[in-house]
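Hi,

Here is the structure I said I'd pass on. Have a look at it first, and then read my notes below.

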Amino acid sequence: MNVNKLKEKITLHPIMTLLLMIAVTIIMSGILSALGIQATSRKISTSSLEYNTFIAEVNSLFSFSGLKYIFTSTISNFMSFAPLSSFIIILIGIGVMEKSGFLKVAFTLLTKNAKKVKVTFVLVFISILLGVIGDLSFVILLPISAILFEVGKRNPAIGIIASFAGLTCGYGMNIILTSIDTSLLSLTTLAAHMLDANYVIKTTSFLFIMTIAVFFLAFLITRITEKFIVYKLDKYEAKETEVEDEVVLDKKQKKGLALAFLAFLVYFLVFLYNIIPGLPFSGKFLDNSQIFYIDKLFSYNSFFSSGFVFIVTMGMIIIGFFYGIGAKTIKNHHELCDDLGHSLDGIGRILVLIFFASILVNVVKYTNIGTVVVTGLSTLLSNTSFTAIPLIVLLFFISAIATLFVPSSITRWSLLSGVTVPVFMNAGISPEFTQVIFRFGECTTLGLTPLFAYFVIYLALLEKYNQNEQPVNFLKAIKYQLPYVVTSFVLLLTILILWYIVGLPIGVGVTPTL
C-alpha cells in the first residue's frame, strides 16, 4: 500500500469530521452535566447596573429530551443558518458577473500590470477593512477572491486562504468604528460605571492603535502568503477556458464596461442617498432610533442591514447584466436566467457541509459548554493578582482561548466585561485599552474554530477549487491558517505591550492607563 492510499484511508472527510464532532459534543454534554460541571462568575445587570451572581451550567444532549431537541430543531436551524441563505444569494450575483465575462475583464485590467505581492496586499487590506459590514464580508469576499486569483492564473486557494486570514485576523480591528465595536463599547461603558458612574468612552477612542495594527497586519499576512502559503499549495491546473491569450479590449467589451459603470453608478447613488441622514427624503435605509451612525446602518431594524445581502446581489446582477448587454455576451433573457444559476452549479457538496456545520453550531450552543468555559476564564481573571503587563498578557490569552469556544464577540464580552473592566481599572488600565486587548486576542484564533459559522464557507470554497483526489479536510484547512495565527498572535501582543510601555494615545484623548 503506497503512502497516498494510506493517507486517504486515515484522513477523515470533512462531513465525517463534523459528524464526529457532533457525536463527541453530545456525549461530552452528558458526562459534564452528570458531573455537575458549572462555573460561577459576576455579570452586570443592565436594569440595576449591579453585579449579579451568574451560574453557567452544561445542558445535556445525551438523553431522550436532548436527542428530541436535535431532531426537532435541525431543519429550522438549518433554514435560519446565516451562511446558508446569504452565501447562495451572493453566488447568484457573482454568477452573472462571472458568466457575462465582466469579472475576467475587470480583474485582468486591474491586475495585469501589478505585481503579485501588490494584488495580495490589496486583497488582504480590503479583507481587514471589509469587517465593517460584519460577518457578511465572508460570503462576499471569499468567492470573489478565488475568482481574482484564478483570473490571474494563480491557485484560487491562495486568494481564499489569504482573504480568510485577513477577515479573521483583522476581525477585531478597523480604521472606523464597526457595529460590533459599538455593542462592545456599550458593555465596556456599563462595566466602567461600576467604579466610575461618570466614565465616558468616545467613538474615536481606538483610532490610533487600530490604524497602526491594520497596516502592520496587512503587511504580515501578505508576506506569509507570498513567502510560505504559495509554496505549500499544490500546483493548480487552469481550465482550458482559462488558458487564453491576454485580454485585449475591443469595442464590445469597452461598451460593456461603460454600460456596467453607468448602471452601477445610478444604482449606487440611489443607494448612497438613502443611507445619508438629514437630506430631503433621504435616510430611508437607516434605523434612526439608534445613536451611532454605524448602528443606524446595521441595527436589526434598519432596511440596510436586513436587506444588505440582497442589495449587494442586485448590484452584482446589474453590473453583470449591463456588461453582458454591451459586450454581447448576454443576448436575451434566456441567457440571463441561465447566468443566474451559473455559480450554483455543483453546489451540492457545499450545501451538505453547511447542513452539518449548522447542526454542530446548534448543539454546541444548546449544551452551553462554551459559556461555562468563558465564565470559568472570567473567574480566573477575577482571582488573579497580576497587574500591568502580566495582566495584559493574561487577558490576551483568555480572549484567544475563549474565542475557540464562543466565536461571538458580543456574547463573550457580555460574559467577561463585568469582571474584566473593573479588574483592569483597579490596576490603572483604561477601559478602552482593556477592550482593545480583548479584540486583539480574539483576532488570533477566530480562524481556527469550526464553531465560527463562516468557517464552513472557507472550507467549502477550498474544496470547490481542490484538484486532488483527497478532499480538503478540517485539519488541512486549519493548517493553512496556523502561520497567520502564530505570527499575528506575536505581532498584536507586541503592539499592546509596547503601546502600554511607551504610553502613546490609543485614540483621541485616550491612553492605555487611567
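A term to start with: I call a residue buried when its relative accessible area is under 20%, exposed when that area is over 50%, and partly exposed in between (1.4 Å probe, protein chains only). Please bear in mind that this is a predicted model, so local features need pLDDT of at least 70 and side-chain atom pairs count only at pLDDT 80 or more, while totals for chains, interfaces and linings use all residues. Numbering runs from 1 along each chain as its sequence is written, and side-chain values use heavy atoms, with hydrogens and water left out.

By that cut-off Ile180 is buried, at a relative accessible area of 17%. Ile180 sits in helix 9 (residues 179-192); helices here are DSSP runs of H or I with at least four residues, strands are runs of E with at least two, and both are numbered from the N terminus. If you skip its neighbours within four places in sequence, Ile180 is in contact (heavy atoms within 4.5 Å) with Tyr171, Ser409, Ile410 and Arg439. Its C-alpha atom is 9.4 Å from that of Ile133, a residue 47 places away along the chain.

Ile180 also turns up in the lining of the largest cavity, alongside Gly131, Gly134, Tyr171, Thr178 and Arg439. For cavities, a 1 Å grid is laid over the protein atoms alone, and a cavity is a set of points where a 1.4 Å probe fits but cannot get out; lining residues have an atom within 4 Å of a point. Points are joined across faces, edges and corners, and the volume is the space filled by probe spheres set on them. On that basis there are two cavities of 30 Å³ or more. (Ala, Val, Leu, Ile, Met, Phe, Trp, Tyr, Cys and Pro count as nonpolar, Asp, Glu, Lys and Arg as charged, and the others, Gly among them, as polar.)

The second largest cavity comes in at about 30 Å³. Leu18, Ala357, Pro450, Phe455, Val456 and Phe474 line it, which makes six nonpolar residues, with no polar and no charged ones.

Phe455 and Val456 bring us to helix 21 (residues 455-464), where nine of the 10 residues are buried, so the helix is largely enclosed by the rest of the structure. Its buried residues pack against helices 2, 4, 7, 8, 16 and 22.

Tyr458, another buried residue of helix 21, is one of those that touch the most other members of the largest nonpolar core, together with Met173, Ile209 and Phe440. That core has 153 residues; a core is a set of buried Ala, Val, Leu, Ile, Met, Phe, Trp, Tyr and Cys residues joined through side-chain atoms within 4.5 Å. A second, separate core of six residues includes Ala39, Val58, Ile369 and Val372.

What about disulfides, and how many are there? Taking a pair of cysteine sulfur atoms within 2.5 Å as the rule, the count is zero. For Cys443, the nearest cysteine sulfur is that of Cys169, 7.3 Å away. Cys443 is buried, at 1% relative accessibility, whereas Cys337 is partly exposed at 47%.

Asn368, in the loop between helix 16 and helix 17, has a positive phi of about 70° without being a glycine. Ala388, in helix 18, also has a positive phi, near 55°.

Cheers

Terms used
1 Å grid on protein atoms, 1.4 Å probe; cavity = no way out; pocket = protein on both sides within 12 Å on 5 of 7 lines; lining within 4 Å.
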